[in-house]
Every structure is written in structure tokens, then in C-alpha cells.
Amino acid sequence: MKTSRRSAVLIGVNQSGRDVQLPALRYAESDAQAMAGVLLDQRIGTFDPGDVRQYIGVGATWSDIKKELRDLAIDSRPSDVLLVYFAGHALVPEWSTQRDAYLVTADLDAQTLRREPDNGLRMSFLKRDVFEAFAGTSFLILDCCHAGIYRDSEMRHAEAMQTYRTQVDRHSALLACPNGFAARESEEHGHGVFTSHLLRGLRGEAADDNARVSFGHLANFVGQQGIQPPPVQLVQMWGPTTVLTQPPVSRHDRQPLSTPANSGTTKPCKNPLDDLASSITQMLGRVFHSETLPAHQPRQIDHAERVEIIRYALDADSAAVVEFSSPGIRTVSSTPRFNKDELRPLLELSAADATLVRLSSPGHVVSDNGRRVLCVPLSHDDGRLLTLTVVDPALAPLDMGEPLAVMLQAIWSTNLLDDPIQAQMHVLTALRTTFGRLPTTLYEHAFSLYQKLIESMTMVFQPVVELDLRPAGVSIHSYEALARRRENEARAPLPALQMAHVWGDRFIIERDALLLTKAIHSYAAADADSPWEGTKPLSINVAVRSLLSDSYISQVKSALAEANLKPRTVTLEISEQDAIQPGPGERWLQQPLAYFHRHLTTLARELHICFAVDDFGVGYSSLARMAELPLTQIKVDRAVLHHPLAVEELGLVVRVARYASDRGEASSPRAVVVEGFDNEAPVTLKQIYDLGIHHVQGYFSGETASTSLRELSYAVRERVAATVRGDDDQHQAAASAGSYRGVGSAARGRS
């Protein structure tokens with residue numbers, strides 16, 4: 001097996017070439033020699049003598065250097081490393097585009113460059129014919145004037161960079177100054193100012209904790225030395241980890257230099273969307289920060305506004321929503337320049353394959369005579385296919401392909417004006433759902449957006465009413481904290497809360513930690529203004545994965561301490577919609593239920609808080625789960641109330657709740673709370689009370705969830721007591737709460 005090859009080409013030229021009107025330099029040649037000395041140092045150098053080429057003074061000819069560099073590029077392997085260093089003058093000819101420059105070698109003839117532009121060492125040659133063709137990891141260091149031209153010319157070769165994307169990503173550069181500025185020499189140091197700091201860094205001042213100097217550490221070190229103008233850095237893949245010098249050890253004992261400089265550094269495998277990350281970000285920016293998006297005014301957005309936003313985002317000629325059906329093609333909504341008759345041949349071509357395309361792809365492009373139409377199916381119902389049709393979109397976003405279609409479908413299905421942050425998260429979540437892992441930059445952007453989305457929510461408190469036959473015994477037993485986008489909204493923001501499960505544990509834990517903190521602080525403030533003495537219990541929803549997270553538990557402790565709230569006041573409700581099972585890659589040595597039981601027992605003992613099962617009757621509900629976990633209460637989902645055997649199921653829950661106390665293993669049975677009760681429920685309050693369930697949560701009392709805590713009025717308590725007794729006016733009492741019909745069912749959902 002061949003070992004990796006580490007090559008260095010070091011160039012230093014004091015005297016300018018032929019007929020080049022530039023002053024002679026003093027230290028460029030000695031700079032290149034000093035660089036060779038460090039790289040070949042017996043104690044710290046990482047290059048072997050036979051692999052370091054020096055082109056100094058009159059020996060630095062462009063033809064020899066180009067041949068050497070081209071040979072290295074053509075014969076390279078993915079494990080190879082190439083370092084190119086140049087100290088000297090740079091020349092930007094008057095006829096140049098100002099995006100290219102020549103490194104002045106000893107034989108450069110400026111007069112011939114107009115006719116023979118390749119008779120010199122051009123920066124574009126280094127980029128295109130050396131580094132883009134080099135199969136391994138490459139580095140360039142330029143200590144010359146106008147060095148920043150090398151970075152600025154990136155845009156000129158964008159097409160070539162796409163072609164050689166893998167190689168370019170493994171290329172890094174450190175440039176002495178930006179384009180248009182000069183690099184200076186220092187008589188005090190006997191070197192170029194820039195190179196003097198390079199040498200200091202390579203000799204150990206830029207070392208990491210393991211005394212190894214990587215290109216990334218070297219670039220950071222030089223950038224922190226106060227050089228004016230500041231150096232230009234382009235540090236990409238492997239730049240932060242490729243070692244240039246290291247501690248004094250024998251060559252035999254050295255760690256292979258192909259290993260990272262920092263053994264704790266990891267890099268994920270390349271994602272298929274990595275090359276599209278910037279395009280996706282640009283698309284999001286044009287949609288959510290465009291001139292077509294009005295100032296934030298929460299309201300519904302109509303089809304015409306959506307179509308115009310999409311047209312603008314794709315820089316298209318026009319756009320429309322078109323319906324394909326057996327009667328023909330109909331325009332539902334369009335921008336002004338959309339002409340159905342002119343586009344009919346293309347639309348008919350799209351309609352012919354609409355069903356096939358709808359089943360196999362989220363979108364397709366039809367083209368003819370230079371016109372292009374992007375078609376993205378939006379809905380299909382009863383033989384009618386509603387399609388977003390974009391005419392002559394810009395080629396750059398069109399090249400995104402399927403991800404673009406997925407984004408457009410998501411943009412169409414969300415309300416951009418109601419909550420732009422949630423809408424943008426909806427689009428990113430659609431990409432996550434379709435393609436799995438997203439590029440790191442998009443993932444982190446989504447995480448930041450999700451934090452803002454959750455932090456923007458308001459916590460309201462819904463009362464749990466204690467039932468009694470007497471009005472005096474009817475009271476508010478406790479509260480449940482519920483998240484709302486705005487205080488006066490009855491519905492839970494379920495799409496925003498549930499999208500965390502698409503992104504994984506980090507999002508789930510962050511969501512629960514933010515909402516818990518907000519709930520505890522808000523409740524403490526509301527309790528301080530409440531009309532009664534003492535603090536009533538508070539329930540807060542939590543996911544199984546959050547309870548298994550040390551960071552979430554730490555946040556529970558901090559929030560309680562900051563709000564000065566007694567831990568026993570808080571009950572964490574574990575949703576039955578969450579599976580109790582190991583996460584990807586985890587291994588539990590016990591059965592999941594036994595493992596989680598032990599974990600909850602430990603938490604209850606350490607935190608002094610209580611736990612409950614929430615949403616029993618849906619998701620992963622099981623009698624074993626309800627019976628075996630250390631719970632203080634069981635909350636029954638409203639879905640159970642609408643089951644044909646609702647009374648029997650509630651009776652079974654009561655027996656399970658009493659199981660431990662009946663056996664003498666607990667001093668009292670666990671409380672059972674029925675959630676979501678309203679006048680639509682076929683089960684009556686009397687039936688619930690007769691089963692031994694004395695706690696009900698819902699809008700039946702007429703008391704809505706609020707940011708403040710209020711007592712029940714005597715009229716409400718009297719009506720609830722009458723309903724519990726089953727008095728003849730029960731129907732009338734239920735009707736009086738009719739204004740809340742449907743609100744209870746709409747409002748349920750985890751916070």
C-alpha cells in the first residue's frame with residue numbers, strides 16, 4: 001500500500017523579471033528558504049527533503065515551476081498533501097480583468113504577456129490547473145501585493161469549481177493582504193512582515209493543546225497579529241486538521257500525518273444537499289425577506305400573494321396556479337404576465353404526464369423553443385390536479401431540482417404572513433422529512449429558528465376542576481401549562497410543537513426546556529397575583545426523550561430555583577404519544593419499561609417533583625405502562641370519552657390507579673384526571689364522579705385558559721355541582737356552556 005505524499009513548492013524572488021518596473025525586494029528569497037528550513041526541521045518538520053522543491057532567485061522560472069506543479073497535480077492521490085508558498089511581487093497587467101494576477105518570477109517578460117498570456121505563473125493557473133486538479137489536500141500561501149485577488153477570482157471560475165467541487169473543498173489559502181493592498185517587509189525581522197509571523201507560528205506559537213501546528217491554527221494565529229491590512233483566509237475541509245509542524249519526536253515514532261491534528265475533531269459524511277446549501281439559503285431569503293412580503297401582520301395569505309412571492313423568489317417571468325382536469329386547463333390565480341394561451345402547448349404537455357409525474361416526483365420541467373415551465377403538483381382531488389406553474393425561472397434555482405419542488409410545495413402550504421418564522425421552519429422541516437439529514441449550516445439555522453419560534457410562545461394555564469356534590473366543594477384543584485402563540489388563541493400550536501420530532505432529540509429537548517422555563521416563571525408570577533393563599537399544583541408536558549437528558553433535568557432545577565417555586569408543586573406529564581424505547585444507537589440493559597421506571601424513581605427522589613401519564617387512551621397507551629411507572633396521577637385523553645365502552649374503560653383506569661393502594665404499597669390511590677371534557681362528551685359528569693374520578697379538565701366550566709389565575713364563581717360551582725348530582729336541569733346546565741362548544745376539542749394538544 002502506497003503511503004501519502006507530502007509535497008511543498010517554495011518560491012522566493014527578490015529581483016523582478018524582464019522589463020518589469022518594480023523595485024527589488026530584500027527578503028523574499030530568504031523567506032522561502034526559511035520556510036523550507038522549518039518544514040524540513042529534524043525536530044518539528046513534517047516534510048521529507050526529497051519532497052520539498054525550492055525555486056529561489058534566478059532559478060525561479062515560470063516554465064519550470066508550472067511543469068513541477070502540473071506534474072504534482074496530475075500524479076496526485078486523495079491522501080496526498082501539497083503546500084505552495086510564494087514570496088515576491090505580483091503583477092496585474094493593465095489589460096487584465098483585475099481578477100487575475102501574475103506571480104513575478106525571474107524570467108517574467110511583461111511585454112510578451114499581452115500576446116502570450118500563459119507565459120507566466122498566473123493565479124488562475126494555480127487555481128484551475130493545479131489546485132482544482134489536485135486529488136488530495138492543498139494549501140497556498142502568498143506573501144505578495146494584491147494577494148487577495150486569488151480569493152476574489154473564485155466567482156470567475158464558479159463553473160469550474162462546481163466541476164471540481166470535491167477537490168476545491170479540500171483547498172485552503174492564506175493570503176498576505178486583500179486585493180489592491182501591498183504586503184510589506186520588515187528590516188527589524190529580516191523577513192516580510194507576513195512571513196515573519198508565519199515562521200513564529202510554525203515554530204510553535206500557533207500550536208494546539210498537543211503542540212501540533214495545523215494550517216487552520218496557523219491561519220488563526222497570523223490573523224490575530226494585528227497586521228494591517230489584515231491577511232485573507234480561506235480555510236476549508238482538512239485545513240483545520242492538516243499538520244505542518246509538530247513536537248520534537250523521532251520520525252519513526254511520529255503519529256501518521258494523515259490523522260487529524262485534533263483527535264477530538266469529527267466531520268460527518270458529505271450530505272447530498274451540501275452543494276445546495278447556499279442555494280437553499282438564498283431561496284429562503286428571497287421568500288421570507290423579500291420586498292413582496294408585506295410587513296408582519298398576522299392574517300391569512302391569498303393565492304395571488306403566494307404566487308407573486310414565488311415568482312419573485314425564482315426571478316421568473318410569471319407564475320400561476322393551474323388546474324388540470326378532464327374539461328381542460330383552467331387558471332386559478334396568476335401574476336400579470338402569465339399568458340395561458342401562449343403557454344398552452346407546454347401546459348398540455350405537462351398535463352399529459354401529470355398523473356405519472358405526480359406519483360413519481362414532486363415536480364418536473366417542460367421546455368420547448370427556449371421557454372421553460374416548472375410544474376409542481378399542489379393537490380389532487382376527484383380528477384382535478386392543482387399545479388403551481390412557474391414560467392422561465394432563473395437557471396440557478398432551477399438546477400436545485402427536487403429540493404426546489406419540495407420547498408415550493410411547503411411554501412404553498414404554509415401561511416407566510418401569519419408567522420414567518422414558523423413558515424420558514426415548515427419549509428426546512430419539509431426538506432428534513434424528504435431528504436433526511438440536512439447540511440450542517442441549514443441544520444443549525446433551523447435550530448436557531450426553532451428556538452425563536454418556541455421563545456415567542458405564551459404560556460396559559462387551564463384549570464383542573466375538583467368535582468363535588470356541593471357547590472362549596474367544587475374548586476380549582478390545579479393547573480396545566482399550555483403553549484399558545486398568542487394568549488387569546490384557543491388552539492394549541494401543534495404543527496410547531498410536533499415538528500421537533502422530525503428533527504430529533506436536540507430539538508425535542510430544547511423545546512421542552514424552553515417551555516418548562518417559560519411555564520415555571522409565568523406561573524410563579526401569576527400565582528403571586530392569585531386571590532388565594534398557597535400555591536396550587538402545576539402540570540407541564542414533557543417528552544420521554546427530554547426526561548432522559550441531563551441538560552433538561554438541569555434546566556428543571558435551575559428554573560425552579562430562579563422562580564423560587566417548591567418542586568412538589570410541579571408535575572411533569574409524560575405523553576402517551578411518546579414511545580419508551582432506546583434512541584438510535586442506544587442500548588438499555590433492562591427492558592424499556594423497567595429502565596424508565598428506575599430512571600423516574602431516581603428523578604423523583606433527586607428533584608422532589610411528581611410525574612403523571614398524559615393522553616392515556618392514545619398513542620403508546622398500555623395498562624403496563626400506567627401501572628408500573630411511579631406516577632402520582634393519570635390523565636385520560638378525551639378520545640376515551642367518545643369510545644362506545646367509555647364507562648368501562650374509565651372504570652378500568654380507576655382500578656389500575658387504586659392497585660398499589662389496595663395492596664398496601666401506597667398510602668393513597670393515584671389521582672385520575674379526565675381531560676378535554678365538554679358538552680359534546682356522551683359520558684356525563686355524574687357517571688365520571690360515580691366511578692370515583694373527581695378531577696376534570698376542560699372548558700365545561702366556562703373558565704378559559706389564561707395567563708392569570710382566577711377563582712370559580714359561585715354560579716359556575718353551583719352549576720357543576722348540579723351536573724355532578726345529575727339533577728333534572730343537567731341538560732340546561734350543559735347548554736349554558738354551549739358557547740364553548742368545540743373549543744375544548746380544538747384546544748387540546750401537548751404544550
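Helix 9 and helix 10 sit oblique to each other, and that pairing is a handy way into this predicted model. The chain runs to 751 residues, 52% of them buried, and holds 29 helices and 26 strands.

**Helix 9 against helix 10**

- The axes of helix 9 (residues 277-288) and helix 10 (residues 303-313) are 9 Å apart, and the packing angle is about 140°.
- An angle over 145 degrees would count as roughly antiparallel, so at about 140° this pair goes down as oblique.
- As for handedness, helix 9 and helix 10 cross in the right-handed sense.
- On the helix 9 side you'll find Met-283, Arg-286 and Val-287, and they meet Ile-309, Tyr-312 and Ala-313 of helix 10.
- By residue class, that contact splits into 5 nonpolar and 1 charged, with no polar residues.

**Helix 7 against helix 8**

- Helix 7 (residues 193-205) and helix 8 (residues 215-223) have axes that come within 9 Å and cross at roughly 130°.
- That angle makes helix 7 oblique to helix 8, and the crossing is right-handed.

- Met-407 belongs to helix 14 (residues 402-413).
- With a relative accessible area of 0%, Met-407 counts as buried, because the cut-off for buried is under 20%.
- Setting aside neighbours within four places in sequence, Met-407 touches Ile-280, Met-283, Leu-284, Met-400, Val-427 and Leu-431.
- Met-283 turns up again here: it is a contact of Met-407 and also part of the helix 9 side of the packing with helix 10.
- Val-427 lies 20 residues away from Met-407 along the chain, yet their C-alpha atoms are separated by 5.7 Å.

**The largest nonpolar core**

- The largest nonpolar core takes in 129 residues, and Leu-408, Leu-547, Tyr-552, Leu-572 and Ile-688 have the most contacts inside it.
- Helix 19 (residues 505-528) supplies the largest share of this core, at 12 residues.
- Leaving out residues up to four places away in sequence, Leu-547 touches a list that includes Tyr-552, Ile-553, Leu-572, Ile-574, Phe-596 and Phe-611.
- Two of those partners, Tyr-552 and Leu-572, are themselves among the core residues with the most contacts.

- Of the contacts between residues at least 6 apart in sequence, 71% join residues at least 24 apart.

Key:
Residues are numbered from 1 along each chain as its sequence is written. This is a predicted model: local features need pLDDT of at least 70, side-chain atom pairs count only at pLDDT 80 or more; totals for chains, interfaces and linings use all residues. Side-chain values use heavy atoms; hydrogens and water are left out. Axes are lines fitted to C-alpha atoms, for helices over the stretch in contact, and angles run from 0 to 180 degrees between N-to-C directions. Helices (H or I, at least four residues) and strands (E, at least two) are DSSP runs, numbered from the N terminus. Angles under 35 degrees count as roughly parallel, over 145 as roughly antiparallel, 65 to 115 as roughly perpendicular and the rest as oblique. A crossing is left-handed if the near helix is turned anticlockwise from the far one by less than a right angle, and right-handed if clockwise. A nonpolar core is a set of buried Ala, Val, Leu, Ile, Met, Phe, Trp, Tyr and Cys residues joined through side-chain atoms within 4.5 Å. Buried means under 20% relative accessible area, exposed over 50%, partly exposed in between (1.4 Å probe, protein chains only). Contact means heavy atoms within 4.5 Å. Ala, Val, Leu, Ile, Met, Phe, Trp, Tyr, Cys and Pro count as nonpolar, Asp, Glu, Lys and Arg as charged, and the others, Gly among them, as polar.
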